[in-house]
Amino acid sequence: MIKREGNYVLHPDSKEGVGEFFKIKEFIDEYAMNFSVFKLSRKEALKEVLIIHSEFVFMHNQGRVRALPDIKMDFRNNEVLIQESLKWAIKLIYKFCEEKPKKNNLIKPTRKEIIEFIIYCYKLDLFYNLFNSAGKGQYHIKLLDNRISFHSSSENNGFLAYNSWRQAYRERKQINDINSVDRKAIQEVHMSDFHMPEEWDLGAYTLAEFKEVSKQIDKLCTAWFINHLRENKYVVVGKYRADGLVKINHKNWWVNQLVDLTGFSTKVIESIVDDLTYVDTNNSDPCYQFFIQLKNNELALPAGFVASFVRPERNLIAYLPKKDQKLFSRLSNDCEDQQIQYIKKKLKNSGIIVISKKTKAQDKREGMDLMLLDPKSLDLLIIELKWRIPPASAREMYGTDEAINKGIKQIKKAEEWVEKNLNSILKEYLGEDYSKTVPKRISYCVVINENIGAGSGCELLDPIITVDHLLELLEHGLGHTINCLDTREHRIPQKYIKMKPLSFNISNFKFEFSGTELLGEWLDKVLEK
């Protein structure tokens, strides 16, 4: 029988309680102190880690996947390693390294020791994702001596599989849309991230100005990366150094370069550079910013990482609530409006009537942000729109779940309202021409921008899809879309989803869990060639 302790659920076979689980967490956190990198000054530690990390990036771009003894690595896992390890490495260095090196420290950490530290940071991210998910009741924890197993408490792996599918689909489509096969392709991918209105006022600058600065930084990074590739055609692992990919200059140098490249005022550039600079763990995240402050306004830019992995708009949107919550709330409302305009634009010549709210009463009505009507069949799809920052961690994923759960409740309220006002709904929204017209078939769904969450609190077949998936279904008609939602064909069939056992080690502890894997037959079936 399972046992609940606070927010955590213990597996029936667990030998220990939640208290022991927290002791293990404390040990994992403190284990970081074993790494010699913390004996360096903060500046030197950041430099050494950024250089070795840039080696990971360079090798990844060469198609090489780092082998780990306890984790089966593939190209996707290698990407996660690169992205998440940097976040934790910089946070830990800021937390534990002093401005000056520790006394009597004359020995510099070896390349191997720094690699081990970076890999630890990757595993720390895996651990915290499991820890935070367990805190939401998504896992039953089993502690058997030094083995900690996380057993899924729900059957909603279909949500995670759906997110993987949509991400893979977008990436395939993006690659297909790129005509160039050289480094210019990365720039095209980089700029394709910008979907928000350029006139957005972000306080000291507009989104258009941020976009241009981001573009110029990307050009610099791409040029540096190309030169580095030319200079390092033949790499000997262990002897190769990625120093050339870590560009270190005073803030004034970066500002002057970007003023010259963009023509913007020094004030605007300084504001953008400040917002793009990681300073401390309280109000920023290195995943969301380009520059790392070393000391006294000396800024490091990991050029390979920025050129290959940074998503400017996603990062800016993720950073905004940390910077200014009121500004972010206002812009979030703008984002939902942008979703409506985007859907209208895509359906302009489809024959589908797009109905949005016009009155205060309609604006207050829950679960009815947008309606789509087929004037011939009188099929009606009622949509509750949600806009969320695409989650980058388990904690952010559960924030998406909260929004989705709210959306499900809202469309149920919409259904109640429509049932009472069925004969007048089209007249109210479309005018007298529809005074005697009644919808023949009605369906409801929640539509979100990129990621439908982990499914916490939801049923697997709840009508929740992404904006791009909605538009793909609508290409085959509104009737087809409603059929898919009503027959639950908007989810990946379970036969194409496989749960694969995964594990990793930190010190003498082994952590076991399961990952969601899409079988190749499904991807081959739905992805564009």
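This is a predicted model: local features need pLDDT of at least 70, side-chain atom pairs count only at pLDDT 80 or more; totals for chains, interfaces and linings use all residues.
Reader: How many helices and strands does the chain have?
Author: The chain has 18 helices and 15 strands, taken as DSSP runs numbered from the N terminus (helices H or I, at least four residues; strands E, at least two).

Reader: And how much of the chain counts as buried?
Author: Of its 529 residues, 52% count as buried, meaning under 20% relative accessible area with a 1.4 Å probe and protein chains only.

Reader: Which residues have the most contacts inside the largest nonpolar core?
Author: Those are Phe117, Tyr120, Phe150, Ile217 and Phe511, in a core of 96 residues; such a core is a set of buried Ala, Val, Leu, Ile, Met, Phe, Trp, Tyr and Cys residues joined through side-chain atoms within 4.5 Å.

Reader: Which helix gives the most to this core?
Author: Helix α4 (residues 111-135) does, with 15 residues. A second, separate core of 54 residues includes Leu380, Val446, Cys458 and Ile492.

Reader: Is α4 itself enclosed or open?
Author: Since 20 of its 25 residues are buried, α4 is largely enclosed by the rest of the structure. Just after α4, Gly137 takes a positive phi of about 80°.

Reader: What is Tyr120 in contact with?
Author: Leaving aside neighbours within four places in sequence, Tyr120 is in contact with Ile28, Asp29, Tyr31, Ala32, Phe35, Leu92 and Ile506, where contact means heavy atoms within 4.5 Å.

Reader: Switching to the sheet, what is the strand order?
Author: The order is β1-β2-β3-β4-β15-β14, in an open sheet of 6 strands with mixed pairing; two strands pair if DSSP finds at least two bridges between them.

Reader: Which strands stand at the edges?
Author: β1 (3-5) and β14 (497-506) do, each with a single partner strand, so one side of each is left without a neighbour in the sheet.

Reader: How do β2 and β3 run?
Author: Strand β2 (residues 8-10) and strand β3 (residues 139-144) run parallel and are joined by 2 bridges, and the bridge partner of Leu10 in β3 is Ile141.

Conventions:
Residues are numbered from 1 along each chain as its sequence is written. Side-chain values use heavy atoms; hydrogens and water are left out. Buried means under 20% relative accessible area, exposed over 50%, partly exposed in between (1.4 Å probe, protein chains only).
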